[in-house]
There are 2 protein chains.
Amino acid sequence: MNPAYARLKARFARIATLGEAQAMLGWDASAMMPPGGGAARGEQLATLAGLAHEMLTAPEVAADLADATTSGDWDDANLSLMRRGHARAVALPTSLVEASARANSACEKVWRGAKAQSDFSAVRPWLEEVVRLQRETAAALAAASGLSPYDALMEGYQRGVTAAEVEPVFTAYEAFLREALPQVEERQARGPAAMPLPGPFPVAAQRALCRRLSEGAGLDYSHARLDESLHPFCGGTPTDIRITTFYSEAEVAKALLGVLHETGHALYERGLPEAWARQPVGEAAGMAAHESQSLIVEMQACRGDAFLSFLGPQLLAAFGGDPAPYAPANLGRLWRHVSRGFIRVDADEITYPAHIILRFRLEQALISGQLAVAELPGAWNEGFARLLGVRPPDDARGCLQDIHWHDGAFGYFPSYTLGAMAAAQLMKAARAAVPGLDAALARGEMLPLVGWLRANVHGQGSRLGFQDLLRHATGKSLDPSDFMTHLRQRYLQ
Amino acid sequence: MNPAYARLKARFARIATLGEAQAMLGWDASAMMPPGGGAARGEQLATLAGLAHEMLTAPEVAADLADATTSGDWDDANLSLMRRGHARAVALPTSLVEASARANSACEKVWRGAKAQSDFSAVRPWLEEVVRLQRETAAALAAASGLSPYDALMEGYQRGVTAAEVEPVFTAYEAFLREALPQVEERQARGPAAMPLPGPFPVAAQRALCRRLSEGAGLDYSHARLDESLHPFCGGTPTDIRITTFYSEAEVAKALLGVLHETGHALYERGLPEAWARQPVGEAAGMAAHESQSLIVEMQACRGDAFLSFLGPQLLAAFGGDPAPYAPANLGRLWRHVSRGFIRVDADEITYPAHIILRFRLEQALISGQLAVAELPGAWNEGFARLLGVRPPDDARGCLQDIHWHDGAFGYFPSYTLGAMAAAQLMKAARAAVPGLDAALARGEMLPLVGWLRANVHGQGSRLGFQDLLRHATGKSLDPSDFMTHLRQRYLQ
C-alpha cells in the first residue's frame, strides 16, 4: 500500500474511533445520564470533537492526501471521501465553526421557549444570526467543493444528490398530491372508521414485544441494546448499536412502530462492510440512505398488509382484550390514516412529503438570501396552504415546530422524503429479486428483505453517493413514480 | 497567572476530560454494553489512553513545567502533582508500557482458567513475564522519583506513604491479631448463633431500598445512577457518579452493604473541590484514601450498632416475614461474623488485614527479586498459616484467588488495609468533633458524618498525600491503635 495512504487510513481510523466514543457518550446523555452530568458531558463531547478536528486538519493530512494513491473501487472511494472530509474541514475557519456552534446552541435554547409561547418574534434575532452564519458556511463550503452553496450544505447530510435533481422529483410529487390526496380522503371517509386499540398497554409487555419484534427483524442483541429516551433514536456504533424508544401505557403504536423504524437504522449500521470499519467508505452513505432503511422496515414492510396480518395476533396475545381492533384491516386503518395535519412528525406517508417540500424551498430561499428570516412565518403559512389547502393557526404549528433550523441544520430536511421515496424504489426492486418476500412478511419473517438490503445497500457502505447507490441497487436513479405507485396501491386500491 | 502554568492547567484539564470520557465508557462496558461491543470498546479506550499519554508527554509540557511558577498551597500542590504525573509518564518507554499491557492482558486471560482449575503451573510463565516487566517498571519509576522500586509502584495507587511506614503498622497489627483473634472467636462461640434472614428478597425491593439508603447517606441522584454489574464498583465522574451492585434474590446483605460501600466512594468523588475540577489537585488523594471513605460508611457507620438499630426495621418493612432475625443484635451477629477463611473478599474486618499483610510482604519480595514466581504458592501457604493458623487447601484458595498480580497491579494491596485503618482513625476524630454523631446514625442520618468528611477529607482533593491528609484531619499520621480500639470495642466488649 502507498505509504501516504496507509498513514491516512491509520489516522482516519483513529478519528473514527473518537467518533465512536462520541456516539456512545451521546447515547448515554439521552438514555442514561442524570441531569447533573450535562455540563461535564458537554465538555467531554466538545473535547473529543476538537481533537478529531485537529487530527483531520493537521498539516500532515494535506501532505499525505497529495501523495496518496490507490487502486480498486473501494480504496479509490475511500481516498476520495478522505479528500472530501478534509476539504470540508479546512474550508471552515475555526472562528466560523465556533461562532456557529455558539449561535446554534443559543438559538436552540430560545426556540424552546418561543415554540411553547408560539412567539416567532422572540427567536427571530437568534435565528437571523444562525442563518447569517449558515450562509457564510455554505459559501465557504461551496468555494471548496464547486457545489452551489445550498448543495454544499446538503452534502453534509447526504452526498451524491443535488437540489437540481430533487426539485423535479418534488414537483412531480406536488402534482400527484393534488390529484391523489382528495381521492384518498374520499375513499377513507367512505370506509369503516378505525376502532382504537383498547389499552392500557403495560410498559413491561410493550418492552418485551418491541424487543422480540426487532429481534425477529434481524437485530442481534449481542450487538445491541434497546432503551428509553424522550426522543427515540438509533445511536452507538456498528458492533454496539443503541436504539431507544418512548413508552406510554395509553398507546402502543408509537413505541412499537418507532422501534421497528429504529431497527431499520440499526440493521443498516450492523450491515456496513466490516472490512472497511472505521474508514470513511465503511460508513453509511448518508441521511437519506439511512432514512430509506428505517422507512423500508417501518413503512414499506411493517405497515403493509402482509406484516400486519402477522402483527395483529402478536399484539392480541401481548395485551389481550377485545380481538376486533387487532384485526389486520383495522390496524391498517389506524396506522395508515391520512389527514392534513400541521405537524410534520405526526404526518402520514402521503402528506409528509408536502411538509418537506415546503421546508426544502424555504431553506433554499433563506440560504440564498431571497427570503428574510422576518418573512418566514408568512411564507411558511402561505406555502403550507398552497400545498395542503389548510393554513397553520399559529407559528407553533408552523415555522416554529421543528428544531432543525433553530439548531443550524439546513439542507437536512430533503433526506426524509428522499428516504421515503428510495424506500419504495428499493422495496419494488427487492420484491422483484426475492420471490416470496411478502409471504415471508406475512409470517413475520423480515430476513428475506433484510438479506437483500444487506447485499445491495448496507454492504455498500459509502462507496456510492445517493443516486449511484440507487442505480446500483435498483437500476435507476431516484424515481418518484415507485413511491407514487406504492401509495396508490396502498391507499387507492 | 504565570503563562506556562496557565497553559499547563488548560492541558491537564483537557487530559482530565479525556479521562472522564474513559470513565464513562468503562462504566458502560461493565454495566450496559452488549458482549459484541467489547472489541470496539477496547479500541476506544486504548485510543483515548494513547491520546492522553501523548498530551502528557508532549515536549511542550517539559518546557512549561520548567518555566511554571505558582503561589498558594493549592496551586503549589497542583503544579507538583503535574510534575509528578509527567515524570512518571516520561520515565516509562513506550515499548515497556506496551509490553506490560500485552503481558498483563495475556496473563489475566490465562489466570481465569488457571484459577478455575486451581493450577498455578498453567499461569506461572505468564506471571513470570508480568513480574519481570513490573520490576523493570518499578526500576524506571524509582530512578525518576528517588523512591524505592516498590514505593514507586505503590505511589501509582497512593501517594504520600511508604512501605517503611506501612511495615511497623502491619507488624503491630500482627501482634494484635495473635492476641485478639482467639478471644473474639471464643466470645463469638459462647454467644447466640446468628439467625439467617428469611428471604427471598425480591430484586425490585432490594433496588428500591438500596437507592433509598444511599440517598439517605447523602448521594444526590441528580448527579448519580445506581445500576448492576457482575463486580460492583463506583465509576463515572464527580458530577455524574455511577455506582453498581449485584442483586441475588437469595441474599440481601451483599447488595445492600455493597451499595453503602460504593456510596462512600461516591460521596468522596462528589465532595471533591469543584474549584479544582479537572486539575490534578482536584482529584481524590489515592486508593487508600478512597477505601477509607467507602469503609467509614460501610464498616464504621453502617455495620455499627447505632445504624443497625435504624436499618433492622427498614429491612423488615421492605421484606416482611419473621421479625426476629431483623433485630439489630442479630444483624450484628450476621454481618460482623469473624472466621479464618481463605478468601480475601469474603473476610471479616478483623482477619482482612492478615490477607493484606501476606500480600504486601510477598509482592515486595517478588519485586525485589528475593522471591521467584515459582516459589509463590509455597510462600503464600506458609505465610497464610503463620498469620491465621490455617493452610489453604489449594492455590485457587491461595495465591490464585485475586486478579491483581495477574493483571500487573503490584503495590495496590496495602491500600485496602490502610483504608480500613484510616477509616477508624477518621471515625474517632469525627466522633470527637461532631456531637451526636452516633445518635444521628441511630436515626439513619449520615449527614453529620458526611459533612465532617466533606470538610476534612473530600474537600481536600489531592492537596495532601495519605499521611498528611490523616495529619490534617485527625492530628496524627496513620496510627493502627484507633483501628484496634475500634475492633476491641465492637468484638470484645
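**Group meeting: two chains, one predicted model**

Let's start with a helix on a sheet. In chain A, helix H10 (residues 253–270) lies across S1, S2 and S3 of chain A, and H10 runs at about 165 degrees to S3(A). Some ground rules. This is a predicted model, in which local features need pLDDT of at least 70, side-chain atom pairs count only at pLDDT 80 or more, and totals for chains, interfaces and linings use all residues. Residues are numbered from 1 along each chain as its sequence is written, while chains are lettered from A and ligands numbered from 1 in the order in which they are written.

Now the terms. Helices (H or I, at least four residues) and strands (E, at least two) are DSSP runs, numbered from the N terminus. Contact means C-beta atoms, placed from the backbone, within 7 Å. Axes are lines fitted to C-alpha atoms, for helices over the stretch in contact; angles run from 0 to 180 degrees between N-to-C directions.

Back to the sheet in chain A. This open sheet has three strands in the order S1-S3-S2, with mixed pairing. Strands pair if DSSP finds at least two bridges between them. Strand S1 (224–228) and strand S2 (234–237) of chain A are the edge strands, and each pairs on one side only. From one strand to the next, the twist averages 20 degrees. S1(A) and strand S3 (residues 240–245) of chain A run parallel, joined by five bridges. One pair to find: Glu228(A) has Thr245(A) in S3(A) as its bridge partner.

Next, chain B. Here too we have an open sheet of three strands, order S1-S3-S2, mixed pairing. S1 and strand S2 (234–237) of chain B stand at the edges with a single partner strand each, so one side of each is left without a neighbour in the sheet. Helix H1 of chain B packs on this sheet and touches S1, S2 and S3 of chain B. The direction of H1(B) makes about 140 degrees with that of S2(B).

How do the chains meet? In chain B, 29 residues are in contact with 29 residues of chain A. Helix H1 (3–31), helix H2 (38–57) and strand S1 (224–228) of chain B each give two or more residues to that side. H1(B) supplies the largest share, eight residues. By type, the side of chain B that touches chain A has 14 nonpolar, nine polar and six charged residues. Nonpolar means Ala, Val, Leu, Ile, Met, Phe, Trp, Tyr, Cys and Pro; charged means Asp, Glu, Lys and Arg; the others, Gly among them, are polar.

Last stop, a helix pair. Helix H16 (residues 414–433) and helix H20 (residues 480–492) of chain B have axes that come within 8 Å and cross at roughly 80 degrees. That makes H16(B) roughly perpendicular to H20(B), a term for 65 to 115 degrees; under 35 is roughly parallel, over 145 roughly antiparallel, the rest oblique. Residues making the contact include Met421(B) of H16(B) and Phe483(B) of H20(B).

Notes:
Contact = placed C-beta atoms within 7 Å.
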